[in-house]
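Here is a colleague's note on the structure shown below. Please read the points in order, with the structure open beside them.

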Number of protein chains: 2
Amino acid sequence: MTALWLIVLCGVLSVVYAIWATSSVLSADAGSPRMQEIAAAVAEGAQAYLRRQYTTIAMVGVVIFVLLVYFLGIYVAFGFLIGAVLSGAAGFIGMNVSVRANVRTAQAATTSLAGGLELAFKAGAITGMLVAGLALLGVTLYFGFLVHSLKLAPDSRIVIDAMVALGFGASLISIFARLGGGIFTKGADVGGDLVGKVEAGIPEDDPRNPATIADNVGDNVGDCAGMAADLFETYAVTAVATMVLAAIFFAKTPILVNMMTLPLAIGGICIITSIIGTFFVKLGPSQSIMGALYKGLIATGVLSLIGIAGVIYSLIGFGKLDGVDYTGMALFECGVVGLIVTALIIWITEYYTGTDYRPVKSIAQASVTGHGTNVIQGLAVSMEATALPAIVIIAGILVTYSLAGLFGIAIATATMLALAGMVVALDAFGPVTDNAGGIAEMAGLPKEVRKSTDALDAVGNTTKAVTKGYAIGSAGLGALVLFAAYNQDLKFFVADSAHHPYFAGVNPDFSLNNPYVVVGLLFGGLLPYLFGAMGMTAVGRAASAIVEEVRRQFREKPGIMQGTDKPDYGKAVDLLTKAAIKEMIIPSLLPVLSPIFVYFVIYAIAGGGAAGKSAAFSAVGAMLLGVIVTGLFVAISMTSGGGAWDNAKKYIEDGHFGGKGSDAHKAAVTGDTVGDPYKDTAGPAVNPMIKITNIVALLLLAILAH
Amino acid sequence: MTALWLIVLCGVLSVVYAIWATSSVLSADAGSPRMQEIAAAVAEGAQAYLRRQYTTIAMVGVVIFVLLVYFLGIYVAFGFLIGAVLSGAAGFIGMNVSVRANVRTAQAATTSLAGGLELAFKAGAITGMLVAGLALLGVTLYFGFLVHSLKLAPDSRIVIDAMVALGFGASLISIFARLGGGIFTKGADVGGDLVGKVEAGIPEDDPRNPATIADNVGDNVGDCAGMAADLFETYAVTAVATMVLAAIFFAKTPILVNMMTLPLAIGGICIITSIIGTFFVKLGPSQSIMGALYKGLIATGVLSLIGIAGVIYSLIGFGKLDGVDYTGMALFECGVVGLIVTALIIWITEYYTGTDYRPVKSIAQASVTGHGTNVIQGLAVSMEATALPAIVIIAGILVTYSLAGLFGIAIATATMLALAGMVVALDAFGPVTDNAGGIAEMAGLPKEVRKSTDALDAVGNTTKAVTKGYAIGSAGLGALVLFAAYNQDLKFFVADSAHHPYFAGVNPDFSLNNPYVVVGLLFGGLLPYLFGAMGMTAVGRAASAIVEEVRRQFREKPGIMQGTDKPDYGKAVDLLTKAAIKEMIIPSLLPVLSPIFVYFVIYAIAGGGAAGKSAAFSAVGAMLLGVIVTGLFVAISMTSGGGAWDNAKKYIEDGHFGGKGSDAHKAAVTGDTVGDPYKDTAGPAVNPMIKITNIVALLLLAILAH
């Protein structure tokens, strides 16, 4: 009970930090009227997007809420609601701060680089701390409410189902925010360029182009709100899955509550270390922005090591644990492995997407011989970039499993995600600096300012790529934990079929010898491919829609081009939002409906009855793993490949291989365009897709058991 | 015994057909001296390539042969030798016919389209029949020799190991031929274009460019010899794996020999139906070339249905089979499913790569807005193209398993592959017509001739794509059969650990709950990605090498450009061969060494002993399935995507979206260049990669058991 209140306190601390940082950001100078006008347009667009997105999600959410009340009762349905609302809130608040911080960052950069960095990072940290804090608060408070206020057993089905439903709520927001946001931002980017630069002949960040504001809105929508929802979900879902595993592994032991509290406690202590870490982000004498950010990250990591040791010692001790054959110390070591995996994945992603290393240089080099060779080399790099992260994840699984079995893998993943606050801060820093650069350009600020914002923007590109690597690595591990929860849950129901008659006689066989498992693996494997294809195609269509709209505005309001009429930014944004939301519905349904579809189809094919159920549960389980196996590779190849293409273009723009305007640069721009939907739409949306498939399967179990 | 002789007779028939068809092709008019000069250059290049390739393979082969003699004895090593030599022979003879048929096809096209079609198809059919016939002869004769001459039990380890080694020999040739050939042909294509068209300003098929001949050589090397080796391997390996499964499932039943003979008998009868089918390939009044080819394929399919029914009835009857609970009729139905799967995969591939359907048109449409949108849409199509084939394969597995268990899947796959003779004929037709078009262009034949060869060439592009879809679908199913053989073999050794003490106490756990299985799946999953990345990068490097060589020849022999000096085609080809062979060694070692690496690493990590062995066998098994799961998607997406890009370019060249020379066309050329290594290097080479991983695992079992 005390532990839970301490964890709540950590969550509250994150909110306090967010309030303090927000007032600090808002008190900064918002720049000239011209700058404020541009920023207001971006903020207006962001509002328009959020209105439409939340309306749509609310409609879907209400249906699901009612279904959950019907199938699993009100407490479970409320879990869903809490997850959805808090995830939405983290993204909403973060994005609203972000669209106000952009102009202030541009203004601060007029004075000093350090000032710009401080503001941008502080804005990012607000989103980061809210993601970790609200996720932690939601899970902890609802768990505490169910267990302490309603006096439900911590491992009772209602508690477990409610926690899973909370994860599902977060997942639903996440897939909408990620995919919709991704389609929005890249539709605006690609479409705006086509109609503005190519047809109208106006420069990229020209305020006369209604899609340019949408492009800036998109940065916030995709990289700020989208990433926030993504990591909120992974954070919540992993915490929940670890709790489910604890409930199963430590059922009927005296340490049950403490073991279920452990992932939350790790999250809580890491919020404190993350907040401390933010104060280490200071520009040193070397003026290295990346160095300053890494200082914060490393400080957080080192402090977390100490903090996690303290948490584990005080909750469960370092000695042997009841009911299992490993020690508290082994769990601490798993936590250390989680931190090491985080560090390695960040380092590998930077290698594959940074301008200092072979992969990006090889793409830049290949641009010299044309568009085709640029794309070939980019695709080669994108595929190659999957190998080392996969090996790191494999090693992490092997080591943590040997230390503390499945629960060890879960604790490592929970620790990895406990740093989410700090990591999201690094990511949400990106769109702020990106916008700041655009505002500086549009408002015609002096060249030196633009140089500062460019330096910040370049680092933002790297941190965005690095965060995506982290998000996917943690999502992969998180999904494995979810898969373990599915397995253990199923085992539990089968063993307890006296109380769950649906499971009587069910004997799932997860062996690879079982053709239903092979079929499940293949079906799961195709989901990320189909989903990715849909995401890529959707960007193309959304871009076409924006081309049409911009053409219409230019035609109907000739004053726009003369500067005498104001373009209707809100209309363009609203249209793009509609297109994005429409385009994302079918792909989003894919992972939600697939487990249900596979279950009932295989049940029917295998002849129904207990045999049919066994076959169907086996196939669904295999599908969950299949979606992880190909999803991991699809997602890493897309995000790393896209980042590499982007930076290969920047490398050429820095004066290599002919520099800006050369043929090599044109080829590199093609690669960058290809990389856009790769890294910002399809690739990152695979994360929530993987997890939503897993969590729907868990809910399916709960519903069938009910 | 009689059955085996009848099967041998079928194999001999295919050789007789090949001899007859070869003399018929060679007796055709070889055209003008100019045409013969060009064709001779291509033939010379082909010889140069084969010399180098076989030298390299021989060196690797000798090492493996010696290792096999040492570990598994002389009979097993001879199996390896037979597989390697026959696979090499099929490719060698087929390619030699192909490089002679090209010029004759061009000449025949001067008279009539029907004449050109007849010659080109006959040349392709030689390769096709030799692939099926030599594979069948090799497996049947060696099996007969071991069982009847040496009086070994058909399910004895020596016989099984020798058969597996025969498949391994074919696999080794296959991965060299596929990857080496793919790097060669696309290195020549990309490199030749860069230095010839861009630098020297000479047209594409200009004989002054030493790389142009290499490009034509490459067509034969990749699509004729490479595909022949690929399907020879799948054919042999599937027959062998089905025999291994029969040996296990029907051990100690009276029908053992007949069950082991069944896949060979199906292969035998389908050679006859394929030969008959070739005579149905006749241009009808509609002048539809594709229609003529499909007539042959459909005739073969229908006749095969009848033939397979007869074979099953006479070998094992339609009633219940000894030792299992399914009937001979059920096995026939599995054969029918195999044929349906073949038809569906061909149809789906044509949909995704044909100019008449949405996918290709959508890429062409996207080309209008530039290089980037072309590539984005192409990638989307390539990913989408995996879904339906995967679902067809899933359905095939479900249906055949419900009919006759694992053996049903094997029989369906064997039936699918029994059509290889006809399908390879369709594929090997491609390079002949491709070359014929080039020769017509270079020799300055009249426009109408070029129109005929162009029509043939366009169909060749479709058949090449369709065959790749078939090859990958069958490879995926074949690999599943191999995986089943691995499982059953392992079970056998464990059960019989009295005679195989290495397996004492081993208890492999293939359940997805086992983290070693998860790790194996992920490691297997990364192999096709890493392999694909290496293949794509290799093409880039080989292209650079050819650029250097062509530059050198132009510099040192200024007479080449004036037409007074002959370029050294052999040198360019030899250099490209060296580059291709060098580039393919490391990627080829990847699948060969991975099972061994994973086995010993996991053995060590899991603490050695019986527990370590159990963990390691589980991880290796899962790796085999992991490589199938991602490999299937990687391969299908690459080959279908590449075909779609190619035909989107052709669609534009046919006058849509601005036609040849428009900006859309330039964008489509970029897509085509990207698709080249996708569809002709990395994608198809994933097939043998998947199978070689599986077959090495089977050999590893045999070696550990020995």
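1. A patch is built from residues with over 30% relative accessible area and no salt bridge, and nonpolar side chains are joined into one within 5 Å. The model here is a predicted one. In chain A, Val69(A), Ile74(A), Tyr75(A), Phe78(A), Leu81(A), Val85(A), Phe145(A) and Ile158(A) make a nonpolar surface patch of about 610 Å².

2. Which helix supplies the largest share of the nonpolar patch? Helix H3 of chain A, residues 74-109, does, with five residues. Ile74(A) is found in this helix H3.

3. Next, the interface between the chains. The size of an interface is often given as the accessible area lost when the parts come together. Between them, chain B and chain A bury about 5700 Å², and 85% of this is on carbon and sulfur atoms. On the chain B side, the residues that lose the most area to chain A are Met383(B), Leu512(B) and Tyr529(B), which together account for 14% of what that side buries.

4. In terms of contacts, 63 residues of chain B touch 63 residues of chain A. The rule finds five residue pairs in polar contact across this interface, counting pairs with both residues at pLDDT 80 or more. For salt bridges across the interface of chain B and chain A, the rule finds zero.

5. Several helices of chain B each supply at least two residues of the side that touches chain A, among them H5 (157-200), H14 (447-495), H15 (515-556) and H19 (663-705). H15(B) gives the most to that side, with 17 residues. Sorted by class, the side of chain B that touches chain A has 45 nonpolar, 17 polar and one charged residues.

6. How many salt bridges does the structure hold over all chains? The number is 50. Side chains of opposite charge can pair when their charged atoms come close. One salt bridge is formed by Arg157(A) and Asp489(A), with the closest N and O atoms 2.9 Å apart. Arg157(A) lies in helix H5 (residues 157-200) of chain A and Asp489(A) in helix H14 (residues 447-495) of chain A, so this pair ties together parts that are 332 residues apart in sequence.

Definitions and conventions. Residues numbered from 1 in each chain as written. Chains lettered and ligands numbered in written order. Predicted model: local features only at pLDDT ≥ 70, side-chain atom pairs only at ≥ 80, totals over all residues. Heavy atoms only, no water. Contact = heavy atoms within 4.5 Å. Buried area = accessible area lost by both parts, 1.4 Å probe. Salt bridge = Lys/Arg side-chain N within 4 Å of Asp/Glu carboxyl O. Polar contact = N/O pair within 3.5 Å; in protein donor to acceptor, adjacent residues only side chain to side chain. Helix = DSSP H or I, 4+ residues; strand = E, 2+ residues; numbered from the N terminus. Nonpolar A, V, L, I, M, F, W, Y, C, P; charged D, E, K, R; others polar. Patch = residues over 30% accessible without salt bridge, like charges linked within 9 Å, V, L, I, M, F, W, Y side chains within 5 Å. Areas by Shrake-Rupley, 256 points an atom, 1.4 Å probe, with all protein chains shown as cover.
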